[in-house]
Amino acid sequence: MDFRFSDEQVMTADVVRSLLAEVCNSQDLRRLLTSGSTWDEARWKKLSELGLAGILVPEDNGGLGLAPVDLVQVAEACGYRCLPEPLVDIVGIAIPLLAAFADHPEVAPCLEQAIAGEITVAVSHPVNPYVPHASRAAAALIVRDDGLYLVAISPDMLTMQLSADPFRPLHTIARVPATRIASRDEAEAPLRQTLDRGALFTAAQLLGMAQGCVDLAVGYAKERQQFGRPIGSYQAIKHHLASVQVKIEFARPVVYAAAADLPHDDVYSRARISQAKLAASEAADLAAHAAIQIYGAMGYSWEVDVHLYLKRIIALTQAWGGPSFHRERVAARVFEKPLGPETTFARETDRA
Amino acid sequence: MDLIYTEEQNAFRREVRSWLEAHVPRQPLPSFDASREGFEAHRQWERVLNEGRWGMVTWPQRYGGRSLDLIQWLIFEEEYYRAGAPLRVNQNGIFLLGPTLMEYGTPEQKSRFLPKMASGDEIWAQAWSEPQAGSDLAAVRASATRIGEEYVLRGHKIWSSRAVFADWAFGLFRSDPGSERHKGLSLIFFPLNAPGVRIQPIPQIDGETGFAEIFLDDVRVPAFNRLGAEGEGWSICMATAGFERGLMLRSPARFQVTARRLVELFMGCGTDADPAIRAAVLKAWMDAEAYALSIYSTASRLAAGGQIGAEASTNKIFWSEMDIAMHKTALSLLGARAELSRHSPDAVEAGRWLDGYFFSLAGPIYAGSNEIQRNIIAERMLGLPRV
Ligand SMILES: Cc1cc2nc3c(=O)[nH]c(=O)nc-3n(C[C@H](O)[C@H](O)[C@H](O)COP(=O)(O)OP(=O)(O)OC[C@H]3O[C@@H](n4cnc5c(N)ncnc54)[C@H](O)[C@@H]3O)c2cc1C
């Protein structure tokens with residue numbers, strides 16, 4: 001029993017954090033916003049060079065063979081900076097799903113290119129009707145009633161939807177002919193795990209975004225003066241921020257435990273992941289509200305970054321299952337399995 | 001990160017469980033705040049625990065402990081609450097003063113006070129608050145005047161839990177008469193039956209005398225009873241407060257048991273309940289789990305040599321607010337029976353939810369009010385300016 005990250009995990013997260021501080025700070029976000037683009041190719045190149053693409057892919061399939069717990073703090077760091085590019089979706093969700101069908105002749109080359117960082121892949125899953133960043137992707141994995149399909153993306157099959165998040169281009173994908181890579185039965189387990197990874201890494205990003213909002217607001221509260229004092233010296237402001245920080249402190253270990261638990265793929269791990277998604281969404285929502293309030297009218301404008309966080313938080317709160325969906329997965333554990341202090345880390349050997 | 005118990009930890013759990021099964025009183029003990037009889041029954045239980053060397057598993061062997069780590073302490077607590085064992089009447093001693101004594105006490109003080117604390121022969125009260133010194137603890141006025149090898153204590157302490165029946169108190173006194181605020185304070189122990197001590201019980205919200213006023217009128221104690229250097233009382237108190245808010249005072253198991261009872265109450269009420277209540281029941285379980293995970297995470301860090309920091313404040317806010325929410329949800333489920341007190345024929349679980357709700361309302365007040373904790377988080381964790 002040890003709740004700490006390994007030195008390698010801490011190091012990986014630190015590398016990503018410092019790269020993002022360099023290439024994804026407020027000026028970078030602003031620059032992208034004015035350019036009207038949703039993807040910074042120069043930044044993406046640097047991120048690709050980190051070699052994270054195959055982190056969750058088994059070594060036999062050309063990956064690093066690592067676990068969600070090795071990536072969870074990276075996802076948190078991406079959320080903290082409100083990273084526009086979907087690094088987490090690609091590395092944490094799309095590529096592992098491809099890897100589950102690595103033996104399929106059409107999947108194999110696609111997986112290889114994705115791991116090499118040459119292409120990106122999108123996932124169209126029933127819980128997410130609008131697919132983010134599909135127009136930049138070379139291929140999409142599409143879940144249909146009778147199985148999982150792979151399709152090369154061409155612009156004519158995409159119908160654009162407009163997200164409030166300026167960095168989140170959305171599309172629906174037309175029902176075009178595609179290659180079925182797995183039947184419904186074959187796809188069942190990999191898709192269940194995809195949903196878990198989706199929820200987990202979205203939770204981790206939300207957790208990072210919550211801290212990002214707090215840190216923005218703290219910075220402003222130290223500088224902005226009213227009545228001759230920094231507004232951060234007023235107790236009402238302090239208490240807003242302290243309440244959010246409490247929420248964050250008690251969401252973080254849940255997200256980390258969910259990452260460690262994910263590979264179990266049982267009713268316990270699913271409940272923990274859903275709990276993480278709920279807790280992180282709640283913290284992020286509260287954090288964005290507090291930040292807007294503390295920035296005053298500035299917070300209601302495009303002048304500062306808070307609105308970027310708010311909009312992404314609205315999106316991610318629903319991505320990979322919204323609160324009601326996840327509450328039911330928690331209910332399946334709470335109302336049907338043993339409860340009590342000795343059950344936090346316990347699980348029955350029979351997988352439910 | 002490895003969230004699986006080792007075989008050794010599992011074996012330890014089994015050992016605790018079987019000992020508790022054999023020793024926990026079959027009938028719940030009468031309240032330690034309502035009568036001398038209830039208090040003494042709890043003292044007797046402390047003796048039983050101590051004889052099995054289960055009083056405080058993290059303490060060194062020579063003081064009646066087992067030198068175990070914090071993860072094992074958490075496992076012990078889980079089993080303790082699972083077994084429905086009695087509340088710890090000496091919690092001010094074993095959870096607060098004990099760790100402080102081990103850090104700041106002289107070897108003579110440790111051997112004088114710790115074994116009797118562990119055995120329950122001496123039960124402790126905390127005497128810090130005064131009528132004019134609540135949140136602003138540095139405003140204490142009670143004085144300790146040094147005369148030769150003795151201190152003479154004078155003053156008025158208040159809200160001292162268990163002081164009605166306890167044996168000793170650890171008090172915060174102004175030992176330097178000219179001093180102000182945090183300076184010139186000393187932490188001094190005094191027997192509650194010493195000449196010049198008068199105890200005035202205060203009925204609490206539930207009618208029981210869980211705390212008391214302490215009037216000190218020229219109470220003489222040896223200088224040996226001072227913990228740490230003269231004038232260093234404040235920093236020692238803050239260390240104690242860290243233990244209090246941080247880990248020891250409220251272990252996660254307590255809330256996990258409440259959450260389980262709440263789920264059982266909900267299921268017993270039929271599943272056609274208001275969806276808002278159902279969501280609150282699920283939230284109770286999630287919050288109790290979140291608290292447990294967070295404490296395990298802190299314990300792992302401390303086991304590797306880390307220090308407890310501002311999480312003492314975030315913990316205190318989290319558990320106290322969670323406790324209120326869980327009890328409120330239970331009262332909603334009870335409907336018309338919510339108001340029924342203990343002896344009412346229709347009272348559910350002898351009014352335990354209502355009693356628990358009352359007590360939960362004290363959580364945001366004692367051990368440093370939640371407003372003060374929020375100030376600490378804002379200033380020390382987030383770095384916001386003081387003025
Ligand atoms: C059940 C219970 C058991 C207790 N047991 C003990 C014990 O064993 N030993 C002991 O010494 N004491 C004990 N206490 C006392 C406890 O420590 C004090 O109640 C606490 O420190 C608050 O002090 P106060 O009650 O005087 O309230 P006050 O300090 O008068 O506070 C009243 C209100 O004002 C708020 N407030 C005060 N200052 C500020 C500020 N700077 N900013 C914002 N808000 C502020 C407080 O948060 C609170 O809401 C106990 C209290 C309770 C309820």
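This is a predicted model: local features need pLDDT of at least 70, side-chain atom pairs count only at pLDDT 80 or more; totals for chains, interfaces and linings use all residues.
**Chain A, overall form.** I counted the secondary structure and found eleven helices along with nine strands in chain A. I then looked up the radius of gyration, which is 20 Å for chain A and close to the 20 Å that the globule rule gives for 352 residues, so the chain is as compact as a globular protein of that length. Taken along the principal axes, the box filled by its C-alpha atoms is roughly 70 × 55 × 35 Å.

**Chain A, inside and surface.** I noted that 60% of the 352 residues of chain A count as buried, and that, among its contacts with a separation of 6 or more, 72% are between residues 24 or more positions apart. For the accessible surface of chain A I found about 14,200 Å², with 53% of that belonging to carbon and sulfur atoms. I also compared the charges of chain A, where the mean positions of the 33 positive and 42 negative ones lie 7 Å apart.

**Chain B, an annotated stretch.** In UniProt, an unreviewed entry lists residues 6-121 of chain B as "domain: Acyl-CoA dehydrogenase/oxidase N-terminal". I checked this stretch in the model and found 63% helix and 0% strand, with the end C-alpha atoms 36 Å apart.

**Chain B, one arginine.** I located B:Arg374 in helix H11, which covers residues 370-381 of chain B. Is B:Arg374 buried or exposed? Its relative accessible area is 12%, which is under the 20% cut-off, so B:Arg374 is buried. Beyond its neighbours within four places in sequence, B:Arg374 is in contact with A:His239, A:Ala242 and A:Ser243 of chain A, and with B:Ile317 and B:Glu321 of chain B.

Methods. Residues are numbered from 1 along each chain as its sequence is written. Chains are lettered from A and ligands numbered from 1 in the order in which they are written. Side-chain values use heavy atoms; hydrogens and water are left out. UniProt positions are given in the numbering used here, feature names are shortened, and annotations may be inferred rather than shown by experiment. Helices (H or I, at least four residues) and strands (E, at least two) are DSSP runs, numbered from the N terminus. The radius of gyration is taken over C-alpha atoms; the globule rule is 2.2 Å times the number of residues to the power 0.38. Buried means under 20% relative accessible area, exposed over 50%, partly exposed in between (1.4 Å probe, protein chains only). Contact means heavy atoms within 4.5 Å. Accessible areas come from the Shrake-Rupley method with a 1.4 Å probe; for residues, only the protein chains shown count as cover. Lys and Arg count as positive and Asp and Glu as negative; His and the chain ends are not counted. The place of a charge is taken as NZ of Lys, CZ of Arg, CG of Asp or CD of Glu.
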